[in-house]
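Dear colleague,

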Amino acid sequence: EKPEKRLLTSLKESGIDGCALTISQERDLQKSQDAVNDLPPFPVGIWLRYETSEKGASPNGPWDFLILSASSSPSSLLADEGCKKVLQVAPSMEEGAIRAIEHLPVDAVLLDDGKEQSQNIYWLLTLYRFTQLVRKPLLAKIPATTSQKELQSLRDSGIAGIVVEVSDQVGVDLLKGMRQMLEALPPRQKREERGEAIIPRIPTI
């Protein structure tokens, strides 16, 4: 059994909701497609991390979703039917562009600029900013070493899910531990409404 298929099998058994294969160059598409063949039903997508021209090949395959980069993926991929689309954007995106995301035919938004985010207060403020401006489900890429208290702060920010990069069995084991920490979190406390608030918080989906 190929290493890629073994890793995918381990990820599925870890109890995660889905998996995205990183595609760094167009020739990796066929290799990734071979890795998912004969897998039991499990949401698998691809994360396009290379620049593609408008005339480039469409990433056809057995994918349930595509992660598209706002800065490098061609707009023509938004018209492809048959799978869900996640738009990857940088946390530093300006407010006008963030609001305009609502007009794009994408199903979710992923916050990631290719750098490992420090789980500090500024990062939390960024998440709150996006959840207020975007009504689509918001995902955040985080390190596999994120602590339980950090996971609780992320959950309370209103994001819909997290994305963790995994390349080997060690990463899968960390992912299993992270899932256990999430399941052990106390119930989210309902925020008190403040009558003096001027700008209402836009609920997320």
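A salt bridge is counted here where a side-chain nitrogen of Lys or Arg lies within 4 Å of a carboxyl oxygen of Asp or Glu. This is a predicted model, in which local features need pLDDT of at least 70, side-chain atom pairs count only at pLDDT 80 or more, and totals for chains, interfaces and linings use all residues. Residues are numbered from 1 along each chain as its sequence is written, and side-chain values use heavy atoms, with hydrogens and water left out.

Salt bridges

By the rule above, the count comes to seven salt bridges. One of them joins Arg49 to Asp112, with the closest N and O atoms 3.9 Å apart. Arg49 sits in the loop between strand 2 (44-48) and strand 3 (65-69) and Asp112 in the loop between strand 5 and helix 4, so this pair ties together parts that are 63 residues apart in sequence. Helices (H or I, at least four residues) and strands (E, at least two) are DSSP runs, numbered from the N terminus. Asp112 is buried, with a relative accessible area of 4%, whereas Arg49 is partly exposed at 34%. For these words, buried means under 20% relative accessible area, exposed over 50%, and partly exposed in between (1.4 Å probe, protein chains only).

Another salt bridge links Glu95 and Arg99, whose closest N and O atoms are 3.1 Å apart. Both residues lie in helix 3, four residues apart, about one turn of the helix. Glu95 is partly exposed, with a relative accessible area of 39%, and Arg99 counts as partly exposed at 41%.

Glu183 and Arg179 also form a salt bridge, at 3.5 Å between the closest N and O atoms. They are four residues apart in helix 6 (residues 169-183), and are therefore separated by about one helical turn. Glu183 counts as exposed at 58% relative accessibility, while Arg179 is partly exposed at 30%.

Helix 4 (residues 121-133) has 13 residues, which should span 18 Å at 1.5 Å a residue; its end C-alpha atoms are 19 Å apart, which agrees. The expected span is 1.5 Å times one less than the number of residues. Which residues of helix 4 are buried? They are Trp123, Thr126, Leu127, Phe130, Thr131 and Leu133. These buried residues pack against strand 4 (84-89), helix 3 (95-100), strand 5 (108-111), strand 6 (138-141) and helix 5 (148-156), contact meaning heavy atoms within 4.5 Å.

A nonpolar core is a set of buried Ala, Val, Leu, Ile, Met, Phe, Trp, Tyr and Cys residues joined through side-chain atoms within 4.5 Å. The largest such core has 44 residues, and those with the most contacts inside it are Leu21, Ile46, Val89, Ile101 and Phe130. Its largest share, four residues, comes from helix 4. Leaving aside residues up to four places away in sequence, Phe130 touches Val89, Ala90, Pro91, Met93, Ile98, Leu111 and Leu138. Apart from this core lies another, of seven residues, among them Phe65, Ile67, Val86 and Ala108.

Helix 4 also contains Ile121, which is exposed, with a relative accessible area of 64%.

With kind regards
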